[in-house]
Amino acid sequence: MQIALGPLLYYWTRERVFSFYEGIARSPVDIVYLGEGVCARRHELRLPDWLEIAGMLRAAGKQTVLSSQALIEAESDLNHLRRLVAEDGHLVEANDFGAVRLLSEAKRPFVAGPYLNVFNTPTLAKIASLGATRWVAPIEMSGAVLSDLQASRPAGMQTEVFVFGRLPLAFSARCFTARHFNLQKDTCAFKCESYPEGLELRTRDGKPFLNLNGTQTQSILTYDLIREVDEMRETGVDVLRISPQAEHTAEVIAAFASRIAPPPDSHARTALPAGAHPAGWCNGFWHGKAGLARIEAAREEAVQ
Amino acid sequence: MPEPRPIELVCPAGALPSLKAAVDNGADCVYTGLKDNTNARNFGGLNFDDKSLREGIRYARERGVKVLLAVNTYPQGASWQRWTAAIDKAADLGVFAVILADPGLMQYAQRTHPQLRLHLSVQGSATNYEAINFYHEHFGVQRAVLPRVLALAQIEQVIRNTPIEIEVFGYGALCVMVEGRCALSSYVTGDSPNVSGVCSPARAVRWEQSADGLESRLDGVLIDRFGPGEKAGYPTLCKGRFEVEGETYYAIEEPTSLNTVELLPRLIDMGVRAVKIEGRQRSPAYVAQVTRVWRDAIDAALRDADGFEVRADWTAELRKLSEGQMHTLGAYYRPWK
């Protein structure tokens, strides 16, 4: 099994992004997804900057993938997508079927991203025939359904699962961070840059619930499948996706790496850092439950 | 059959009485679903079995109205056959078209029933013409329903760059999130539009009177709280009041309905082929009233686009019927974003 770092979902300053990926280059991650996938207005980094980071990561032995935007509305969004498709020598993660169309026409192999809603064998076979060499399961998919799908997956198709981070639950045309400041998206003043981990939304009884990240809505709980790693290995999952967080990302990668290839002395195993789950954790989707559910039993058993 | 109209009015039918109400009040098309999770309005007591669908198709056909069947959830795992059976049934009973979201299912429909017309559901999340043309080229899809996220100019851009028909939402409950890209409901309840055909399902709703007011919860999560005199709405989870940095407000969206009747001349002029009314879960009386208003409005816009004015009685009627009795133009009006 390999470890992937998913695309950065937050809006950070250029310096912070470069410094973050310099740290990632030294971590035991195998694959790094790069690019702005949440909001086309974010501009701290342009495509040449992402390509520069890709070059640095490749020099450190990492595979790099350019992620396309999940919500493509305007012609300018499509033009950006066309530039990604034209970047020969880079694998692209397709996050909508417009990207799939352009990549398959260009006869480029691609990664089918988690927002394509690949839920069954015929759809998986279809995207394989179009050039997908890896697919990322939808976050809502349970381990049991995934296991059935694995039995019939096309030859040469790698399977990737979102295993750690705040869950990207929804996309909208509306920016909820701008809305919090009574601003419209077109004149948003880039308020999301002030929230490097998103903006916490609580219920009226004071319980942390969701995380507003511009046009994206995330879970406030950190999805964490570290104790399900063995189960995923048995299911034939090839790649585990960790989603970048403002703190501790490299340590989380190290903990998963230690789980994948445990050191002979179990006491030498790297644990998740304290603070890896700022508002708590959940693992419900994998167990076929509500996403926010926390299935303790599976974890206790796995801890043994 | 009468001449096809330049813009079709597509109305919801949760059951046979609603279908008849839509047909009798001027719908051009009526869309339906089966009694299971193969469609995105999988609500108790709703939808059609073989007998009622057959009767509905007969009733509509005799009056020159088309019946569509939504099979627009994503089949998973061992239950694949339930979805293909729904497609087979649609073909056998002679519906005008099926409304699909899942590419695997589109491929099945195209191969097994090449004569069956396919529409891309809003759950397919196709927000640009490259995506729409993908479904056209690979599966012969003939119409796409656009997610409620595009501004008018963006819709126009889509229409200019695709050979297939475009249908847009005109009226009804408003999804703030891109349809097909929202797992909020399954995050809280385990059931979502994509996989179960429901959002914020009734079985998860609890009302409780507390010292702070009337509380609505969805599987334990507090969605809103209402003081005396406040109108308590259904706890759709994106339409509750939440607290962000100490401020309590509708952080995602107000409980409001989409109403685009004033945009009709623009939509017609752009070449929008059909306008959809949301609400298969609503009553036959609702369907009758909304259909009647929209029929009148479309006819007026077709008669005289330049002189088109939204009549006060239309607005009053629609306002009575909408969620929270508030209206919005949604994403069609750019500042909404």
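In which loop of chain A is A:A189 found? Select A:A189: it is in the loop between α7 and β8 of chain A. Keep in mind that this is a predicted model.

**Stop 1: two residues with positive phi**

Stay on A:A189. Its phi is near 60°, a positive value in a residue other than glycine. Most residues other than glycine have a negative phi. Is A:A189 buried or exposed? A:A189 has 11 other C-beta atoms within 10 Å, so it is exposed; the cut-off for that class is 12 or fewer.

Now select A:H248. Here phi is near 70°, again a positive value in a residue other than glycine. A:H248 sits in the loop between β11 (239–242) and α9 (249–260) of chain A. With 17 other C-beta atoms within 10 Å, A:H248 is partly exposed.

**Stop 2: A:E197**

Select A:E197. This residue lies in the loop between α7 (176–180) and β8 (199–202) of chain A. A:E197 is partly exposed, because 17 other C-beta atoms lie within 10 Å, a count between the limits for exposed and buried. Which residues does A:E197 touch, beyond its neighbours within four places in sequence? Show A:Y10, A:Q245 and A:A246: these are in contact with A:E197. Then draw a distance from A:E197 to A:A170. The two are 27 residues apart along the chain, and their C-alpha atoms are separated by 16 Å.

**Stop 3: where the chains meet**

Colour by chain. How many residues of chain B are in contact with chain A? There are 56 of them, and they meet 51 residues of chain A. Look at the side of chain B that touches chain A. Several elements give two or more residues to this side, including α6 (152–160), α7 (184–189), α8 (193–196) and β11 (221–226) of chain B. By class, this side has 30 nonpolar, 17 polar and nine charged residues.

Select β8(A) and β12(B): they pair in the antiparallel sense over two bridges. A:R202 has B:E243, in β12(B), as its bridge partner.

Move to strand β7 (residues 158–172) of chain A. Two bridges join β7 of chain A to β8(B), and the strands run antiparallel. Select A:S172: B:M177 in β8(B) stands opposite. Is β8(B) enclosed or open? Six of its six residues are buried, so β8(B) is largely enclosed by the rest of the structure.

**Stop 4: a helix pair across the chains**

Select helix α5 (residues 121–129) of chain A together with α4(B). Their axes are 7 Å apart, and the helices pack at an angle of about 90°. The two are therefore roughly perpendicular to each other. Show side chains at the contact. From α5(A) come A:P122, A:T123 and A:K126; from α4(B) come B:P103, B:G104, B:Q107 and B:Y108. This contact has three nonpolar, three polar and one charged residues.

**Stop 5: a helix pair within chain B**

Select helix α1 (residues 16–24) and helix α2 (residues 50–62) of chain B. Their axes come within 10 Å and cross at roughly 10°. α1(B) and α2(B) are therefore roughly parallel to each other. In α1(B), show B:L16, B:L19, B:K20 and B:V23; they meet B:S52, B:E55, B:G56, B:Y59 and B:A60 in α2(B). The contact divides into five nonpolar, two polar and two charged residues.

**Stop 6: the domains of chain B**

Colour chain B by domain. The assignment gives domain 1 (8–174 + 256–336) and domain 2 (184–249). How far apart are the C-alpha centres of domain 1 and domain 2 of chain B? They lie 27 Å apart. At the contact, 12 residues of domain 1 meet seven residues of domain 2. The domain 1 side has three nonpolar, seven polar and two charged residues.

**Stop 7: a three-stranded sheet**

Last, show the open sheet of chain B with the strand order β9-β10-β11 and antiparallel pairing. β9 (205–210) and β11 of chain B are the edge strands, each pairing on one side only. From one strand to the next, the twist averages 25°. Six bridges join β9(B) to β10 (residues 213–218) of chain B. End on B:W207, whose bridge partner in β10(B) is B:S216.

Notes. Residues are numbered from 1 along each chain as its sequence is written. Chains are lettered from A and ligands numbered from 1 in the order in which they are written. This is a predicted model: local features need pLDDT of at least 70, side-chain atom pairs count only at pLDDT 80 or more; totals for chains, interfaces and linings use all residues. Domain bounds come from an automatic or database domain assignment. Two residues are in contact if their C-beta atoms, placed from the backbone, lie within 7 Å. Ala, Val, Leu, Ile, Met, Phe, Trp, Tyr, Cys and Pro count as nonpolar, Asp, Glu, Lys and Arg as charged, and the others, Gly among them, as polar. Helices (H or I, at least four residues) and strands (E, at least two) are DSSP runs, numbered from the N terminus. A residue is buried if 20 or more other C-beta atoms lie within 10 Å of its own, exposed if 12 or fewer, and partly exposed in between; C-beta atoms are placed from the backbone. Two strands pair if DSSP finds at least two bridges between them. Axes are lines fitted to C-alpha atoms, for helices over the stretch in contact, and angles run from 0 to 180 degrees between N-to-C directions. Angles under 35 degrees count as roughly parallel, over 145 as roughly antiparallel, 65 to 115 as roughly perpendicular and the rest as oblique.
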